[in-house]
Amino acid sequence: MDIKTIKTPENLVYQRPRLLNDCTMHYCPGCSHGVAHRIIAEIIDEMGQADNTIAIAPVGCAVFAYKYIDVDWIEAAHGRAPAVATAAKRLNPERLVFTYQGDGDLAAIGTAETIHAANRGENIAIIFINNGIYGMTGGQMAPTTLEGMKTSTTPYGRRVDLNGYPLNITPLLAQLPGTCYVTRQSVETPAAVAKAKRAIRRAFDNSINHRGCSVVEIVSTCSSGWKMSPDKANKWMEQNMFEAYRPGDLKIADGDK
Amino acid sequence: MSHSSADEAAKGAPQQEVVLMKGNEAIAHAAIRYGADGYFGYPITPQSEVLETLEALHPWDTTGMVVLQAESELASINMVYGGAATGKTVMTSSSSPGISLMCEGLSYIAACELPCLVVNVMRGGPGLGTIHPSQADYFQATKGGGHGDYHFIVLAPSTVQEMADFVGLSFDLAFKYRTPAMILADGIVGQMMEKVVLPPFRPRRTPEQIAELCPWAATGNPSRRKPNTITSLELDSAEMEKNNNRFQATYRRIEEAEQRSVSYLTDDAEYLIVAFGSVARICQKAIDDARGRGAKIGLLRPVTLWPFPEKAVAEVASRVKGILVVELNAGQMIEDVKLASRCTVPVHHFGRLGGIIPNPGEIDNELERLFPEAFPSKS
């Protein structure tokens, strides 16, 4: 039996999702963004929302998300995605509207927009990629950078007396009455990917059905910024990031889901 | 014409509804009547009546217009960005310090070639300054304000009626050229109450009309087209230069077609005042007084500040002996008057700062001081 007889359509169990564009991604090998993009593309297609979605891209590594997932996109200014999404959803209430933001975008420059959109109970889903570092600009300290973690702006490690504490923003968002579903996930193992996919699907369903603001944090790796191999970055994330940012549901108040 | 048909004609004719209100309130009424889809704003004196009036009129129950008090001007302008990106007719309003915060968003909106309306009811600056009227944001409005090479259309109302009328005009121009438009008012026009005829109601655009008018919009429903992306990012400099050239080509078209100004007694004028907004009305009174004393002074009031009515200014400048530019600032529009007149005649400036409004007598005194030969010798 040769490869041609095996590679037939009926034997195909894994392929590029229909809504994931056939192009070269700019993400580094091992980066969590690729997996997150893939499952979002799968979910939008599986939910039949390709013609009913407005996605908001951030500033950061995911600034080019609009090149990869084949739906209508609005690329927001740094940190402003929840404000952009607020108007997109209120003016187009039947649409699935979600933002895709990193930790710098969501928890530093966009903290006000994030908290207020969540507190107003905007019917949007916020996908929050937390890798504890500014990837796009070359590995500077993020609000979620762990204590002691080395970055290009904390070359001797983050010191609380100099740089303040890591901002654990997702539990804060869970406390707001406007959020209906707040969960923390990761995508470093097949089981984690499956769980994260269910979480994002639930968040998207909440947006479509006007149940309030959903937040899905995905604790992620940045092998380039962390200066680790992808495999080592995954292990380091599980050993260190999970201690500060423990995966699991933080709030389930989205009704009869 | 028989009686009955005359009655029918009277009944069919739209009744002119004259109301007394503040300029800020007129903006709110006009926005609803134009069929605006959304307003996003943050309170700041002296324009908070725009948001207050909209909330009181609760148009979401009638036309379906969305009204939202945002957490900041940053959020407001980015909500406008988000709404405009989906092809909706959206606006915000603020006053000078708030507009400074919006300049980031305005740069993005201009770069994404999105239509929207921003109202600036100017107050005195810099900094927190004063809540009293000013025209000190002329540079900010007409030269861009945010980063990058961009312009947007700037209309300067001088009456409450124009506050109402310019809402529709701004949206029409914004959609025609895919650019932001700004109503650059000041605390006088915003707070002053005058008679105003409100524009007629027109329905909001349907999704089908938006798809037709805005094929570029990220409406979220690409079923009959390729997905749209609204972005200002282009890392390929060659492409980014092309984008810039496209913006500039639009600006040249606007400069060619949309210069607007109003002349008052310029036909026989030997001297000219150039003033915009509420100050132009004070100048009009000053000119009436000066004419009563035999001085042939005219007024040219730019209605569009960008594009600046350089053709009209150049034409009148070519046949007068001197120009006085009167502004509530330290000398901003005067630069454009000098450029338009190519300094062929002396161009002077008179300005009051910090929220002080000049009276007609002060302007007359300045005219007499600068152009004594215009005033026939006192009897």
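Reader: Quick one: which residue stands opposite Leu272(B) in E12(B)?
Author: Gly298(B) does. Strands here are DSSP runs of E, at least two residues, and helices are runs of H or I, at least four, numbered from the N terminus. This is a predicted model, where local features need pLDDT of at least 70, side-chain atom pairs count only at pLDDT 80 or more, and totals for chains, interfaces and linings use all residues. Residues are numbered from 1 along each chain as its sequence is written, with chains lettered from A and ligands numbered from 1 in the order in which they are written.

Reader: In which sense do E11(B) and E12(B) pair?
Author: Parallel, over four bridges between E11(B) and E12(B), residues 297–302; pairing takes at least two DSSP bridges.

Reader: And how does the chain get from E11(B) to E12(B)?
Author: Through helix H11(B), residues 278–292, in a right-handed β-α-β crossover. Right-handed means that, with the strands pointing away from the viewer, the path from the first strand over the helix to the second runs clockwise.

Reader: What about E14(B), how many bridges join E11(B) to it?
Author: Four again, with E11(B) and E14(B) (322–327) running parallel. Ile273(B) has Leu324(B) as its bridge partner there.

Reader: Are the E11(B) residues buried or exposed?
Author: Tyr271(B) and Ile273(B) point one way, Leu272(B) and Val274(B) the other, and all are buried. Buried means 20 or more other C-beta atoms within 10 Å of the residue's own, with C-beta atoms placed from the backbone.

Reader: New topic: which residues touch the most other members of the largest nonpolar core?
Author: Ile127(A) and Cys283(B), out of 198 residues. Such a core is a set of buried Ala, Val, Leu, Ile, Met, Phe, Trp, Tyr and Cys joined through C-beta atoms within 7 Å. Helix H7(B), residues 160–177, gives the largest share of this core, nine residues.

Reader: What is Cys283(B) in contact with?
Author: Beyond its neighbours within four places in sequence, Cys283(B) is in contact with Ile273(B), Ala275(B), Leu299(B), Val326(B) and Ile363(B). Contact is C-beta atoms, placed from the backbone, within 7 Å.

How values were computed. A residue is buried if 20 or more other C-beta atoms lie within 10 Å of its own, exposed if 12 or fewer, and partly exposed in between; C-beta atoms are placed from the backbone. Two residues are in contact if their C-beta atoms, placed from the backbone, lie within 7 Å.
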